[in-house]
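Hello,

Here is the structure you asked about. My notes follow below it.

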Amino acid sequence: MSDKKIAVIGGGIAGSSIALYLSEIGLKVDLFEKGTSLVNGPPICHLHAGGNLYREIPDEQCVTLLEESIEALRLYPDSIDYRPTVIAVPKHDPGQPLDLLPRLTLLQDEYQKLIDKDNNNKVLGEVSDYYRLVELEELQHLATLDEKEVPNTSEEWLIPFAKHTDLSLLKFPVVLVQEFGWNVFRLGATAALSLEKNANCQIHLNSKVEKLSQKQPEKWQLSYTETGIEGEQEFDYVINAAGFKTGEIDDLAGFHRDRLVEFKAAYVTHWQGTGGFWPEVIFHGTRGTPQGMAQFTPYPGNLVQLHGMTEDITLFKDGLVENTKNSSQPKLDAKFLRKIDTGWLEEEIATRGQLSIDFLSQYIPAFKSASVAGKPLFGAQQIPGDDSTLRTAGISFENNHYARCEIVKASSVLTCADALTEKLAALGFVDKQKIGSRLFPITETIDDQAITKRSELYTQQRGYPIALAYRNIKQEELSYA
């Protein structure tokens, strides 16, 4: 085992996953998180196994998202809600449903290649079922059938969508694709339980990094306060995974990098609408316009998480900011920092939550009866560089035993971890055979019941409905017969 010490700054999805990966391959890791628990950042709810939500990104990014999503699913299987996604194009949208077909065919072929390479990659069902085109006539027929409490076929998954969506507003065909749900509370619980069990990792919660300095070329001195008590340690390598505060750590370390930060929110609603489980539903739209994309994400307990990609709902006027020449850290407006640091005003929650319900109700009329079920899931997301459409990102290195991991989508973490391991192997920290390791013996011992219990705790600590700790469908219940 290496005697080198590694500091990971930031206990979000990136930092927690990298700490998990490196500690599993035998490296000594200290993880510093300023909050009270791990993985408490911008909302995630969707495993982008192909990136079909993003018409504007190139096919190469979509292939990367497919590959990374499969890897993430294999690492965090108990955080996945195994249900498909419906993608629909409204008549008011300039796009056409069949515009996605070449990409879907490409992704289906890529999925087959990944399975040919390693049969353990077969986690999205049969290749032939990766996507399905559904015409109006079939949906009209499905609308006459009774909803199933637990759907077992693609047709059964489509029944609630067919019954309750205003099909006259859509272009056809719609697409059913195997992009699953991803539960951020369960992901955080899995990472925390695994790291707590791993003697190679020391977790520092309520810890703020105050200073980074190099006393010698290959050593970092890290000063921090942990629950109000000052501490100082020496490390052989520093990994900056501080999320939207990545720029602040860069500034402390004396490195400059351009980036954007975007504040976003998703809304938690309650709808006593229908009897069966829904698929996730995406109504495409042009981002940032009054008819941006609408996203309907079902949870247990009749909860539905909503995105509306307009400035009145998920996006915010002045919510996207860039850094200056003097600092690597983009400066969010005080009104966004107040939401992050002290919380939302009740009036904000009610107003934006109701706007999200109204927005989805244009497509699912019965959804008008939904109500706001508490504060939004929200946070600020960092985007390296200056391309706000970027949906894949990764790792960047400085010469001085310093790296930063900047992910835009949660599924990118293992790509970052592989590149990091390659760098650490080149420095002699770890055996080269560990590069690309997909063995997580400690993580695999964490059982579903323990994850559920910790997820319940996280929802309660963070002030969300406890049902957000659960999944509708587990892997063993998945069927595409």
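Strand S21 and its neighbours

Strand S20 (residues 395-398) runs antiparallel to S21, and the two are joined over four bridges. Strands are DSSP runs of E with at least two residues, helices are runs of H or I with at least four, and both are numbered from the N terminus. Two strands count as paired if DSSP finds at least two bridges between them. This is a predicted model, in which local features need pLDDT of at least 70 and side-chain atom pairs count only at pLDDT 80 or more, while totals for chains, interfaces and linings use all residues. Residues are numbered from 1 along each chain as its sequence is written, and side-chain values use heavy atoms, with hydrogens and water left out.

Which residues of S21 are buried on each side? Tyr 402 and Arg 404 are buried on one side, and Ala 403 and Cys 405 on the other, which leaves both faces of the strand (residues 402-405) covered. Buried here is under 20% relative accessible area, exposed is over 50%, and partly exposed is in between (1.4 Å probe, protein chains only).

Backbone exceptions

Most residues other than glycine have a negative phi, and most peptide bonds are trans. Val 39 has a positive phi, near 55 degrees. Val 39 is in the loop between strand S2 (28-32) and helix H2 (59-75), and counts as buried because its relative accessible area is 2%. Asn 302 has a positive phi too, near 60 degrees. Asn 302 sits in the loop between strand S15 (294-298) and S16, and is partly exposed because its relative accessibility is 28%.

The peptide bond from Phe 172 to Pro 173 is cis, with omega near 5 degrees. Pro 173 belongs to strand S6 (residues 170-177).

A charged patch

Glu 311, Asp 312, Asp 318 and Asp 333 form a negative surface patch. Patch residues have over 30% relative accessible area and no salt bridge, and like charges are joined within 9 Å. A salt bridge is a side-chain nitrogen of Lys or Arg within 4 Å of a carboxyl oxygen of Asp or Glu. Asp 318 is in the loop between strand S16 (303-308) and strand S17 (320-322).

Regards

Note on methods: Patch = residues over 30% accessible without salt bridge, like charges linked within 9 Å, V, L, I, M, F, W, Y side chains within 5 Å. Areas by Shrake-Rupley, 256 points an atom, 1.4 Å probe, with all protein chains shown as cover. Lys, Arg positive; Asp, Glu negative; His and termini not counted. Charge placed at Lys NZ, Arg CZ, Asp CG, Glu CD.
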